[in-house]
Amino acid sequence: MISIKGTVQGVGFRPFIYRTAVGMGLAGHVLNTGDGVLIEAEGREENLQSFIERIKSDHPPLARVQEMSIDPISPRSTIGFSIAESKASLQADTQISPDIAPCNECIAEFLDPKDRRHLYPFINCTNCGPRYTIIESLPYDRAKTTMKEFTMCDECAAEYKNPADRRFHAQPDACAECGPRLEFHRWSLACPEQSRRVAGRSSDPLADTIAAIENGGIVAIKGVGGFHLACDATNTEAVTKLRSRKKRDEKPFAIMVGDIETARKLCYISEIEEELLESPQRPIVILKKRDNPPISDAVAPGNRNLGLMLPSSPLHYLLFEHPLLLCKEGLGEVDHKDLPHPVPPLTKGRGCESRVPHPASRVFVMTSGNISDEPIAYENDEAVKRLSGIADAFLLHNRDIRRRVDDSIARMISGSPIIIRRARGYVPTPLRLAFKMPRVLALGADLKGAICLTKGHNAFLSQHLGDLENELAHCAFEDAIEHMKRILDIRPEIIACDMHPDYFSTRYAYSRVTGHPSTLLGAGGSRIAVIQHHHAHIASCMAENDLPNEEVIGIALDGMGYGTDGTIWGGEILIADYKGFKRAAHFRPVPMPGGDAAAKEPWRMAVSYLSRVTRHASRENLNSTFFRNIDNKSIQLVEQMVEKGFNCPMTSSCGRLFDAVAAIIGLRTVNTFEGQAAIELEQIVDENEDGCYEFGTRDPRPETRNYDSKTLLEIDFGPTFVAIVEEVSQEIAHSTISARFHNTLVEALARTCLTIQFHKSLSVSRVSGPGSRICLSGGCFQNALLTTRLKKRLEDEGFKVYTHSLVPPNDGGIALGQAVVATHKTREA
Ligand code: ZN
Ligand code: ZN
Ligand code: FE
């Protein structure tokens with residue numbers, strides 16, 4: 001008897017077992033249980049052995065075998081092998097697969113004019129297709145998904161029931177006869193209410209969609225986890241129109257192309273990046289843009305990179321494979337407007353059978369269907385309401401999306417891929433940790449919201465939920481919590497949240513608690529664990545790397561996190577384990593004039609840093625571009641704020657440090673999106689420059705701190721700013737200054753780590769000696785140059801350095817850290 005746990009349901013596992021067993025002449029059966037798959041097999045000893053090996057090595061691509069236990073039982077003399085009725089168990093512990101791009105077999109059918117699913121936009125099988133986004137509750141069964149609306153035709157039903165078929169029990173299985181359909185609605189912006197009434201179904205929604213895009217229109221396209229807004233990426237007018245309607249000034253748009261060859265014309269793509277682009281998860285990959293790529297500059301203005309993805313569903317493939325496009329060459333330069341309607345219906349595959357379909361080399365902007373920072377629209381009515389001011393037309397379909405899930409974003413850093421935004425394709429696959437956890441609901445942070453639920457060894461990190469500063473995101477947040485709790489069947493015992501008193505997520509945590517917060521007892525008997533932001537960052541990195549509960553040096557660099565002393569932290573070196581931490585070193589705090597306003601206006605941070613280093617930071621002292629760009633009055637006002645400490649919270653933030661440098665060299669004085677100044681500062685770096693500025697390290701006055709004065713160090717970038725100001729006045733190239741600044745940061749951090757290690761080696765410690773572990777976490781480690789150089793520098797010193805990969809280094813990964821810290825904190829409490 002073989003019992004298997006993991007992601008083994010809804011991924012074609014039983015048909016695989018059936019085929020394998022039959023192929024080896026084994027008898028017995030396989031069945032789904034509440035917590036996995038159970039197999040009974042009998043046959044010759046060597047066949048049984050190789051059967052077990054095959055299960056381990058050849059299982060379907062979407063399956064994840066977490067646990068496999070084998071118990072010998074006496075033979076039952078069964079004849080033949082069968083797939084038995086599922087056994088419902090009280091304790092549901094099976095895992096739901098994420099939404100997966102079409103597999104090769106489905107794509108082959110999709111492109112085959114003789115196949116009955118030729119160009120069917122909802123083709124899928126047990127190895128691919130939608131999962132997480134369509135599931136309403138468990139067990140995973142068609143009736144519990146949004147596919148319940150569609151009754152299978154005879155042919156589909158036969159596939160579904162045939163254990164040998166690759167669509168055996170593929171819950172979203174459908175075809176053009178019985179499954180979901182597309183609808184195209186043209187929209188008149190002048191009078192949306194009226195056009196809603198007059199909008200009719202088009203005979204070829206795909207052709208109309210493509211024609212609308214080609215003619216400079218914006219089309220809202222319903223995808224896997226929500227709507228995209230699409231337009232022609234080569235058409236500056238269209239892209240600019242999209243920017244102004246979406247209220248998105250400069251933040252880069254992601255683009256979609258039909259294949260890797262087209263992608264190569266736009267970007268430099270390494271082997272690993274190609275793998276990532278073509279992976280079943282199909283994330284947006286941040287790639288280095290080629291010089292003058294054939295797309296509009298408005299797609300990613302002033303940015304050296306481009307976020308690019310390949311089609312993630314059959315519907316998206318159609319945007320590039322549609323027969324209309326394939327015929328276009330034959331028709332010469334024909335404007336789609338002039339094409340006679342109806343064009344060849346897709347599902348019949350008429351018109352272009354003789355041609356071997358080849359991808360059109362078109363490039364579409366594919367940005368999330370929302371206005372600026374709101375959550376992405378995912379329901380038809382909601383989308384029409386919210387996006388009708390942006391889109392000229394809608395490509396809808398009648399398969400409901402139950403869960404909104406954005407596109408994931410990945411980037412190569414220091415030679416390996418890192419997930420920056422974890423969503424479609426990755427969620428809800430759990431991270432399996434070495435230790436067992438109680439049932440924790442961790443709420444994350446407010447920017448880049450994401451929650452985490454734990455059970456046993458598994459930590460389920462939710463999809464990106466948007467910025468909780470936005471009110472629409474509040475609902476998305478609460479919905480996601482309830483949905484995850486339901487489909488994972490987890491009733492939390494502990495609620496973990498950030499220390500920030502003003503976070504929406506923190507207030508949410510306390511709202512779940514009845515009575516006085518100090519009783520720490522929630523309605524369902526749950527307790528609250530309040531976790532410091534940067535401790536959670538480091539714990540998240542430790543957990544992802546499967547580190548034991550032993551002290552590490554944690555470098556946490558980000559924009560902001562609430563500190564234990566009530567100030568804003570963000571340039572922190574901690575000595576931490578899962579249970580606790582000590583703030584070993586930090587950047588010297590500086591005033592943040594205007595609080596949150598400083599994050600949006602980097603020039604304020606420049607004034608703050610400058611008034612620190614030069615007695616009176618006045619424009620006469622500094623011949624900088626920065627001062628020319630900002631009017632004198634504003635500068636004086638901020639100078640006064642800094643001097644008097646008025647509305648100036650103190651911060652050790654690394655993000656604000658980047659802001660200050662970017663503003664002083666005149667690169668960017670105002671951010672139009674989060675982190676823009678820092679991103680631009682990284683992009684201009686002269687990679688051959690290895691110079692470095694001065695910086696200070698000092699022990700702050702011990703009497704003002706509660707910590708062990710021996711190990712609390714301050715890194716003071718005052719001398720760095722003196723040097724930068726000097727170089728700006730000498731008109732040294734910005735690329736040189738940026739590189740030297742990055743190098744300074746690396747050097748300051750590395751030397752501080754060495755000092756900490758030295759101090760620790762004087763006391764009893766597990767961190768001492770070569771091979772001490774260092775974890776890097778926080779949003780600043782999305783900076784590839786900083787991460788790469790710091791990692792190398794630390795490794796050269798003999799440290800073992802750990803970074804993120806599947807969990808975002810930014811606040812999107814914090815919930816995992818909160819969950820593991822809460823686990824360890826409450827364990828002995
Ligand atoms: Zn498939
Ligand atoms: Zn059918
Ligand atoms: Fe953070």
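The sections below treat the basis of the model, a metal site, the nonpolar cores and selected helices.

## Basis of the model

This is a predicted model, in which local features need pLDDT of at least 70 and side-chain atom pairs count only at pLDDT 80 or more, whereas totals for chains, interfaces and linings use all residues. Residues are numbered from 1 along each chain as its sequence is written, chains are lettered from A and ligands numbered from 1 in the order in which they are written, and side-chain values use heavy atoms, with hydrogens and water left out.

## Zinc site

The SG atoms of Cys 103, Cys 106, Cys 125 and Cys 128 coordinate the zinc ion (ligand 1) at 2.3 Å. Donors are N, O and S atoms within 2.8 Å of the metal (3.2 Å for Na, K and Ca); water is not among the atoms, so sites may look incomplete. The angles among the four donor atoms are 104 to 118°, and the site is tetrahedral (for four donors, all angles between 85 and 135 degrees).

The donor residues follow the spacing C-x2-C-x18-C-x2-C in sequence. Cys 103 lies in the loop between strand 5 (81–83) and helix 3 (104–111), and Cys 125 in the loop between helix 3 and helix 4 (154–161), so the pair ties together parts that are 22 residues apart in sequence. Helices (H or I, at least four residues) and strands (E, at least two) are DSSP runs, numbered from the N terminus. Cys 103 is buried at 14% relative accessible area, and Cys 125 is buried at 0%. Buried means under 20% relative accessible area, exposed over 50% and partly exposed in between (1.4 Å probe, protein chains only).

## Nonpolar cores

The largest nonpolar core has 64 residues, of which Ile 555, Leu 745 and Leu 794 touch the most other members. Helix 23 supplies the largest share of this core, nine residues. Such a core is a set of buried Ala, Val, Leu, Ile, Met, Phe, Trp, Tyr and Cys residues joined through side-chain atoms within 4.5 Å. Another core, of 62 residues, lies apart from it and includes Cys 103 and Cys 128.

Helix 23 (residues 734–762) contains Thr 736, which is buried with a relative accessible area of 11%. Beyond its neighbours within four places in sequence, Thr 736 is in contact (heavy atoms within 4.5 Å) with Asp 686 and Glu 689.

In helix 7 (residues 236–246), the buried residues include Ala 238, Val 239 and Leu 242. The buried residues of this helix pack against strand 8 (227–232) and strand 13 (363–368). After helix 7 comes Lys 247, with a positive phi near 55°.

Technical notes. Tetrahedral: all angles 85-135°; square planar, octahedral: opposite > 155°, others 65-115°.
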